[in-house]
Amino acid sequence: MRRGELPGTLPLSLPRLALPLLLLASLAGCGGEEPRAELTVRVLVRDINIRPEGVECAGTGPYTYFHNRAAYRVVDGDGETLAEGALPPGKSVRTFAEDLEVSRIPTFCEFAVPVTLADRKAYRLIVDDRRPIELTRDDSEGPALVAVVPS
């Protein structure tokens with residue numbers, strides 16, 4: 001019997017013992033979490049309010065629940081919450097490109113929320129526990145999920 005051998009067993013060697021330990025060690029650092037990506041959830045609230053372009057805003061009329069500090073959740077197609085928090089202030093954007101040569105113009109209110117999400121086939125946004133809003137992937141201005149309200 002050679003050194004490292006036990007009666008009735010195959011010879012033990014350091015490389016044969018080390019491989020399973022290395023595999024276990026590499027898996028231990030993973031934590032079982034799935035990969036996540038940084039995205040921006042962009043919501044354009046088409047409330048057609050007259051205000052200056054580029055100022056802080058909130059939704060008006062039937063969209064007053066879109067406002068700074070409104071609770072939101074991003075959920076997947078099965079309703080699992082992937083991210084949650086409070087909306088930041090919205091920013092007013094022009095409803096059309098024509099220059100009206102006045103300081104207050106028809107605008108929409110756009111909200112941009114940075115999130116870190118696991119990859120899913122579908123995403124929805126829930127604001128103030130209202131009806132979920134479908135989000136669509138749009139990477140034309142960077143990685144984003146977008147919605148227009150009303151759609």
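Where does Pro-150 lie relative to strand S9 (144-149)? Pro-150 lies in the segment after that strand.

## Basis of the model

This is a predicted model, in which local features need pLDDT of at least 70 and side-chain atom pairs count only at pLDDT 80 or more, while totals for chains, interfaces and linings use all residues. Residues are numbered from 1 along each chain as its sequence is written, and side-chain values use heavy atoms, with hydrogens and water left out.

## Overall architecture

The protein chain contains one helix and nine strands. Their order along the sequence is α-β-β-β-β-β-β-β-β-β. Helices (H or I, at least four residues) and strands (E, at least two) are DSSP runs, numbered from the N terminus.

The chain has 151 residues, and 28% of them count as buried. Buried means under 20% relative accessible area, exposed means over 50%, and partly exposed falls in between (1.4 Å probe, protein chains only). The chain exposes about 10,100 Å². Carbon and sulfur atoms supply 55% of that area. Accessible areas come from the Shrake-Rupley method with a 1.4 Å probe; for residues, only the protein chains shown count as cover.

Among contacts in the chain with a separation of 6 or more, 63% come from residues 24 or more positions apart. A contact means heavy atoms within 4.5 Å.

## Backbone geometry

Val-149 and Pro-150 are joined by a cis peptide bond, with omega about -10°.

Two residues other than glycine have positive phi. Ile-48 has a phi of about 45°. Ile-48 sits in strand S1 (residues 36-51). Its relative accessible area is 56%, so Ile-48 counts as exposed. For Arg-69, phi is near 80°. Arg-69 belongs to the loop between strand S2 (56-57) and strand S3 (71-76). Arg-69 is exposed too, with a relative accessible area of 64%.

## The disulfide

The structure holds one disulfide. It pairs Cys-57 with Cys-109, the sulfur atoms 2.1 Å apart. The link joins distant parts of the chain: Cys-57 is in strand S2, Cys-109 is in strand S6 (residues 105-118), and the two are 52 residues apart. A disulfide here is a pair of cysteine sulfur atoms within 2.5 Å.

The link of Cys-57 and Cys-109 is right-handed, with 100° about the S-S bond. Both ends are covered. Cys-57 counts as buried at 9% relative accessibility, and Cys-109 counts as buried at 0%.

Arg-51 is in strand S1. Is Arg-51 buried or exposed? Arg-51 is buried, with a relative accessible area of 7%.

The Arg-51 side chain makes a polar contact with the side chain of Asp-47, at 3.0 Å. A polar contact is a pair of N or O atoms within 3.5 Å; within protein, one must be able to donate a hydrogen and the other to accept it, and residues adjacent in sequence count only if both atoms are side-chain atoms. Not counting residues up to four places away in sequence, Arg-51 touches residues including Ser-92, Arg-104 and Phe-108.

## A nonpolar surface patch

Phe-96, Leu-100 and Val-102 make a nonpolar surface patch of about 240 Å². Val-102 is in the loop between strand S5 (90-94) and S6. Patches are made of residues with over 30% relative accessible area and no salt bridge; like charges are joined within 9 Å, and nonpolar side chains (Val, Leu, Ile, Met, Phe, Trp, Tyr) within 5 Å. A salt bridge is a side-chain nitrogen of Lys or Arg within 4 Å of a carboxyl oxygen of Asp or Glu.
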